[in-house]
Amino acid sequence: MAITEIIFWFLSALAVISAIMVVLSKSPVHSVLWLIAVFFAISGHYVLLNAQFIAIVNIIVYAGAIMVLFLFVLMLMNLNKETEPQKNLWMKLTGVVSGGCLLIILISLVRQATEIKGKIAVTKTGDIGLIKVLGKELFSSYVVPFEISSVLFLSAMIGAVVIGKKD
Amino acid sequence: MPERAELGVMNAIIFSALIGVVMMLGGIVIKSNAGIKLLAIILLFILLGSHLAEYYDLFNIHIQTHGMLAKSRFGMFFNTIIISLTLLYVLLSGDEIVKVGTYGAEYFALIFFSLCGATILSSYNNLLMLFLGVEIMTIPLFVLTSSEKKNLKSNEAGLKYFLMGSFSTGILLMGIALYYGGTGLFAIEASKAANEAQQAFRILLPLGLLFIFISLSFKVSAAPFHFWTPDVYDGAPSVFTSFMATIVKTAGFIAFIKLFELRSVDMGYSWKILLPLIIILTLLAGNITAVFQQSVKRMLAYSSIAHAGFMLFALYNPNDFGKQGIMLYTVAYSLATIGTFAVLTKMKDYTYEGYNGLAKTKPVLAATNTIFILSLAGIPLTAGFFAKYYMLASALKESTSNLWLVIVAVLFAAVSVYYYFRVIQAMYFKDGNAETTEIKPFFKTLLIIIAALIIVIGLMPSLLLDLFYA
């Protein structure tokens, strides 16, 4: 077993176990922490696929910013036994049905995906995920949306100041 | 102008963004409200001038857009309309805008950014630009909605709008992702080669389009995605409601038409069921609920939902007749709505009773407001009549089997007459002492000009439509 393969199996196991723990943990804070572990494992996979940029972004944005936001919300809500919302039977039933539907779709998708059967991921090759390539693409084909998004951020900033500042 | 489709960002996009920045920085230097308003008007004239310069091929900035934006006569003409409408809106309600809070210049800057989003929506050729356009257009609105900080209703409306808006944005992104899965492209035009390679995932395309349809329906407040509209329109400061209900809403429809004129075939048979269903629901929700309102502002919010139902007719036949129709509808509906809202902002009491006896105290306001309301109701001789006529005719032109839908729409239009005429009844036939804030002669003159425009377009819609082909 090559070292890449060992790392792959380790990361996969880590991701799956952490994901299960997210669902199983009683405390929401523990769930969030497990979720961070999932993101790190997935970022590891990205690195294996030579997609360094997305690996870093995944950690910065998801494991960093969004998870901190999650934690903040959880702590502000101050959840405990008394305030725990009562889940009635219908809620549970709808949860099971919708989750089950997703499961069916995923299973059927994997079963039908004959093209990828028996193939392993191409690791350590390909330059599509490299920052250099991405930057070139961003500043050639996608330069217009890239530049125009600055208007979006500017208006969001002005908005934050207008709303947030004291009169 | 297909040979220039690849080249050229519209002047309007660049200038509206730059002017927004100038406006924002102008707020540092200029402190007086009158000065800020004047600056905004001057900048709007510059924007209109730069856009017209491009329209008549005098001057435009060429940038390689890699097919992200496509210039079309339709989009250019629409831009002319919305920029002119914004100018009219600022001339009419500029005083009210700076009075909302302490950040007059920033409000104008946000309006310019929102306008920038609207101009992107009229020229996008790629779903990435659709996403950016929708976001640039709506994010300033969240802020404008909650700009009246001392007012709890305004805060509530802003938060509600923000939450619902981000939710619908999520759906839009999901739709775009599925669309990408189905076609392998972000471009809205069908490309044969890419499509064949993606035949296996073809099913994702209609699903993605459905998601985009839902999200855009939300943005133009079509039922059953309209529940945010009354609260937000009611809670927001009246001047900004006027902007939201006119320029922003019609830009949403342009985005709708641009995508679905090319792509509605991909939805297959479900499109034939979905569109009439949404139209009927929208007409029902808007018109019936409007009947029960006590506040004129809230009534106008529901009526704007009802008008969305009529504008959706343009999707039936978006090729030529529907496009002319949506142009006419944009002008007719926006002029009338900007007018009624301008009168509304001058009222002290927003209920129907507040309008009692307005004809005696302020005859000009009452008379012009009557014309706006007649136009909204679609009475002949006003622009609103031909706008509705074109919309319904476009559905009939598609196929005569749509006759039932047209009849339903006409019935709902008849219902709308009831709640619109309540305002006229209050102004002319009820005794009371309608109180208004101070009204300047300039304001009255503008109202008369708008009313005259509505009548002129109502008598000769060809005047406007000829410009479209000129």
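**Close-up views of a predicted model**

**View 1. Helix H6 of chain A packs against helix H5 of chain B.** Angles under 35 degrees count as roughly parallel, so H6(A) and H5(B) are roughly parallel to each other. The crossing of H6(A) past H5(B) is left-handed.

**View 2. Residues of both helices make the H6(A)–H5(B) contact.** H6(A) contributes Val144(A), Pro145(A), Ile148(A), Ser149(A), Val151(A), Leu152(A), Ser155(A), Ala156(A), Gly159(A), Val162(A) and Ile163(A). H5(B) contributes Met129(B), Leu132(B), Glu135(B), Ile136(B), Ile139(B), Pro140(B) and Val143(B).

**View 3. Chain B is built with 19 helices and 0 strands.** Its radius of gyration is 21 Å, close to the 23 Å that the globule rule gives for 470 residues, so chain B is as compact as a globular protein of that length. Along the principal axes, the C-alpha atoms of chain B fill a box of roughly 70 × 55 × 45 Å.

**View 4. Buried residues make up 63% of chain B.** That share is taken over the 470 residues of the chain. Now take the contacts in chain B between residues at least 6 apart in sequence. Of these, 81% join residues at least 24 apart.

Terms used. Residues numbered from 1 in each chain as written. Chains lettered and ligands numbered in written order. Predicted model: local features only at pLDDT ≥ 70, side-chain atom pairs only at ≥ 80, totals over all residues. Heavy atoms only, no water. Axes fitted to C-alpha atoms, helices over the stretch in contact; angles between N-to-C directions. Helix = DSSP H or I, 4+ residues; strand = E, 2+ residues; numbered from the N terminus. Parallel < 35°, antiparallel > 145°, perpendicular 65-115°, else oblique. Left-handed = near helix turned anticlockwise from the far one by under 90°. Contact = heavy atoms within 4.5 Å. Rg over C-alpha atoms; globule rule 2.2 N^0.38 Å. Buried < 20%, exposed > 50% of the residue type's maximum accessible area, 1.4 Å probe, protein only.
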